[in-house]
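Student: Please show me how to read this structure, one feature at a time.

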Amino acid sequence: MDRLSAERRSANMRQIRSKDTSPEVALRRLLYGMGYRYRLHRKDLPGTPDIAFPSRRKVIFVHGCFWHQHAACREGKMPASKQSYWGPKLQSNVERDRKHQAELTRLGWETLVVWECQLKDSGAVVDQVKRFLGKTEAGSKK
Ligand SMILES: [Zn+2]
């Protein structure tokens, strides 16, 4: 009984923590702090981008390294076991991402992908985002 409740408690804590520090929320906080204003989950755009900047015609996707197979990091490696299970699933995620980005480009939107692992270094992300988005809204001092 004790063991069960301890397990449940830690599951709850995990849930809370992952909600608080989800990569997308972390990036949103950064962007907001930098003075950018944005729209969330525009369903009318291909792939329902996580964060959209309509006046700039730019969107940002926040991708989990595993689910979206970040080629440049360890988390993006295909699991060695159960390849037949994960292989097609992850591959179709990657193909869907590629398709959405191509559609966005065709519609005149620029796309930036911010990877989950990159958010561990917020300074680097801030630089990357600034390069991508340019100046913040008029009136902002930042
Ligand atoms: Zn990564």
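Tutor: Let us begin with a definition: a disulfide is a pair of cysteine sulfur atoms within 2.5 Å. By that rule the structure holds zero disulfides. Before we go on, note that this is a predicted model, in which local features need pLDDT of at least 70 and side-chain atom pairs count only at pLDDT 80 or more, whereas totals for chains, interfaces and linings use all residues. Residues are numbered from 1 along each chain as its sequence is written, and side-chain values use heavy atoms, with hydrogens and water left out.

Student: How many helices and strands are there in the protein chain, and in what order do the elements run from the N terminus on?

Tutor: Helices (H or I, at least four residues) and strands (E, at least two) are DSSP runs, numbered from the N terminus. The protein chain has four helices and four strands, and the elements follow one another as α-α-β-β-β-α-β-α, starting at the N terminus. Contact means heavy atoms within 4.5 Å, and of the contacts between residues at least 6 apart in sequence, 54% join residues at least 24 apart.

Student: What share of the 142 residues is buried?

Tutor: Accessible areas come from the Shrake-Rupley method with a 1.4 Å probe, and for residues only the protein chains shown count as cover. A residue is buried when its relative accessible area is under 20%, exposed when it is over 50%, and partly exposed in between (1.4 Å probe, protein chains only). Here buried residues make up 35% of the 142 in the protein chain, while the chain exposes about 9,600 Å², of which carbon and sulfur atoms supply 52%.

Student: Which residues touch the most other members of the largest nonpolar core?

Tutor: A nonpolar core is a set of buried Ala, Val, Leu, Ile, Met, Phe, Trp, Tyr and Cys residues joined through side-chain atoms within 4.5 Å. The largest one has 16 residues, and Leu 27, Leu 31, Ile 60 and Val 129 touch the most other members. At least two residues of this core come from each of helix H2 (23–34), strand S2 (51–53), strand S3 (58–63), strand S4 (110–115) and helix H4 (122–133), and H4 gives the largest share, five residues. Leaving out residues up to four places away in sequence, Leu 27 touches Ile 51, Ile 60, Val 62, Val 114, Leu 119, Val 125 and Val 129. There is also a second, separate core of 10 residues, which includes Ala 52, Val 59, Phe 61 and Val 113.

Student: Which residues coordinate the zinc ion, and why is the arrangement called tetrahedral?

Tutor: Donors are N, O and S atoms within 2.8 Å of the metal (3.2 Å for Na, K and Ca), and sites may look incomplete because water is not among the atoms. The zinc ion is coordinated by Cys 65 (SG), His 70 (ND1), Cys 73 (SG) and Cys 117 (SG), at 2.0 to 2.4 Å. Four donors count as tetrahedral if all angles lie between 85 and 135 degrees; the four donor atoms here subtend angles of 101 to 119 degrees, so the arrangement is tetrahedral. The spacing of the donor residues in sequence is C-x4-H-x2-C-x43-C.

Student: Which residues does Gly 47 contact, leaving aside its neighbours within four places in sequence?

Tutor: With those neighbours left aside, Gly 47 is in contact with Phe 61 and His 100. Gly 47 and Gln 101 are 54 residues apart in sequence, with their C-alpha atoms 7.9 Å apart in space.

Conventions
Four donors count as tetrahedral if all angles lie between 85 and 135 degrees; four count as square planar and six as octahedral if opposite donors are over 155 degrees apart and all others between 65 and 115; anything else is irregular.
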